[in-house]
Amino acid sequence: MIFKIAWRNIGRNKKRTLITTLSVSAALFLIILMRSMQFGFYDNIIHSIVQSYSGYIQVHSNGYWEKQSLNNAMEIDDDLINKINSVDGVKNLTNRLQTFALVSKGEKSKGAIINGVEIEKEQLITDWNKKIIEGSQYFDSTDQIVLSKGIAEYFNTKIGDTLVLFGQGYQGMMAAGKYVANGIIDLKNPGLNKMTIFMDIKSAQDYISSDDIATHLIIDKEKYYNEKKIAENISNVISDDYEVMTWKEILPELDQMITADNVGGLIMAFILYVIVCFGMFGTVLMMTEERKYEFGVLLSIGMSKIKLYLIILLETIMLSSIGVIIGIILTRPISLYFNKNPIHMDSFGEGLSDAMGEFGFDPIIPFSINWDIPISHAIFIFCVSILISIYPAIRIFSLNPIKSMKQ
Amino acid sequence: MIQTEKLNKIYKQGKLKVKAVNNVNLKISDGEFTAIVGPSGSGKTTLLNCIGGLDKPTNGKVTIDGEVISSYPSNKMIKFRLNNIGFVFQAYNLIPVLSAKENIEMIMLMQGYDKQEREQRSNDLLNEVGMGNMSKRRPAQLSGGQQQRVAVARALASKPKFILADEPTANLDSISTAKLLDIMSRLNKQENITFIFSSHDQRVIDRARRVITLEDGKIITDKKK
Ligand SMILES: Nc1ncnc2c1ncn2[C@@H]1O[C@H](COP(=O)(O)OP(=O)(O)OP(=O)(O)O)[C@@H](O)[C@H]1O
Ligand SMILES: [Mg+2]
């Protein structure tokens, strides 16, 4: 019966109910779309940079990040690997040996980064097989390499072509060699695509003339684990000879950009929420004040104040819930559409996509379709409506039936 | 039985004190059909409110069947009203979003009657007040007189000890007034239900079997017919 009364009261002033619920759904509509866009954007960044290249956590020999030289490389042993693997939340890890080289073919030459990788383990982190656009991801012999798309284009390379790599080896030695292109990979990351060459880590070690060394340990985490926690735990189990860094430390500009953007979104959401709050509060205020006489009658004939409050609380919750449901229903198809058909950043103005390319990721925004977004905001509005109903609660619990029935 | 002893209700307005009810001693037995009359401002509403526990007397006490209700805390009083007193007000008695029948059922729901019993009794009561064929209508679809008849039915629904009605006919025309009074007096005679009502209207006063006249909060006459 309380439910029935509340529901019908909602329908009593249809215009007001419509305006209130629409304002809730309009705000929620904007908030959900904005957040879906933002989180989709971050996911895209994190996916194209962190998840598929830099890893959530990296371990280097102490000082490597400051001075990225082979002289600061580390020796990898099973003990170290086992210790890191024992940390909760560590999913996969792989070694890389990274060094700079000059690549040349015919008349042309270009600087590049050589990445010696453990292909089987690398695959688990970076999903290579999906990114190979020509040839094979595997290294059948020690002189085979995989080129990133940009380098392949620059040298106009076909599978089977030979390239010369030339650079500095371990401890001042010279490094040079001839290598055959065995595959071309699209790293989905403009920055990396321009300058990355992969070879087997053993080949890379040969190239620089040193066995068993690596420069990076790339660590992938289990979903929902916090990378900072894992990094701390890794630091605790391994010796001080290593530095443990999260992707936020490795790519601080990226982290700052995301944080700044995210804060901007939260401020926008906050402003919209304030507007919604006032709108809803105004409605609840009117609903309470205009029914004082009715409340007086109900109290007189013996309805308890708690029941009376429950009616108003239910009305408030219904009002906001209708708005929330409409908001979610309206945003869902839009989020789904833009998830499948991401917005290209060029539509936000020339140059922006280049700037994003500089950062090293595709200038597209696939919307996030994570239910966390609408649900968290729905819960927030639910809490707001309960908070708002404090006002009628105070009115009702201090209500005197005689006074309220005197017009 | 309802009894008031040295009942006083004093309103302070600035330095002015208004004795809205002034030392009223009153006994009302079961089955009475009593009108409280008097000029405007004589304290009729205030007296009824004190008897119905809607208002607390400044001093003196109200006793209903031996229970001193004037000292009940407000939550206990709300519950007491639900189970013991039926109210009919001058106007706007009914919940606008509920139908006539639902208005009656609501009281019984609050008291914990089961569905079948609510159904049966609300139908009976609506028939009793001649509203059986309009049970589905909302208050806005009923005339003032019809609304008051539903209000009487609702007041009866909780099987109260007595019904208090403050100027129940003030907003009604003479035909509706006559109808409502017919119903009330029939319920009083046949079902032995106690009615206490206030009124200005001579035609209403003529129907009462006991007339208590107030002036400045004091009982000046108390006549039984
Ligand atoms: N809340 C209040 N504050 C101050 N004075 C009040 C209050 N309520 C009633 N009074 C005063 O108490 C006296 C009795 O009022 P009451 O409403 O009981 O009269 P009444 O007989 O019901 O009048 P009417 O026939 O006009 O309804 C009046 O003088 C009125 O001004
Ligand atoms: Mg009055």
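1. Helices here are DSSP runs of H or I of at least four residues, numbered from the N terminus. Ile267(A) is partly exposed, with a relative accessible area of 48%; buried means under 20%, exposed over 50%, and partly exposed in between, with a 1.4 Å probe and protein chains only.

2. A word on the basis: this is a predicted model, in which local features need pLDDT of at least 70 and side-chain atom pairs count only at pLDDT 80 or more, while totals for chains, interfaces and linings use all residues. Residues are numbered from 1 along each chain, chains are lettered from A, and side-chain values use heavy atoms, without hydrogens and water.

3. Now for helix H12 of chain A (residues 292-300). Eight of its nine residues are buried, so H12(A) is largely enclosed by the rest of the structure. Among the buried residues are Tyr293(A), Glu294(A) and Phe295(A). After H12(A) comes Gly302(A), with a positive phi near 110°.

4. Lastly, the domains, whose bounds come from an automatic or database assignment. In chain A, domain 1 covers 2-50 + 254-406 and domain 2 covers 63-239. Their C-alpha centres lie 47 Å apart.

Note on methods. Helices (H or I, at least four residues) and strands (E, at least two) are DSSP runs, numbered from the N terminus.
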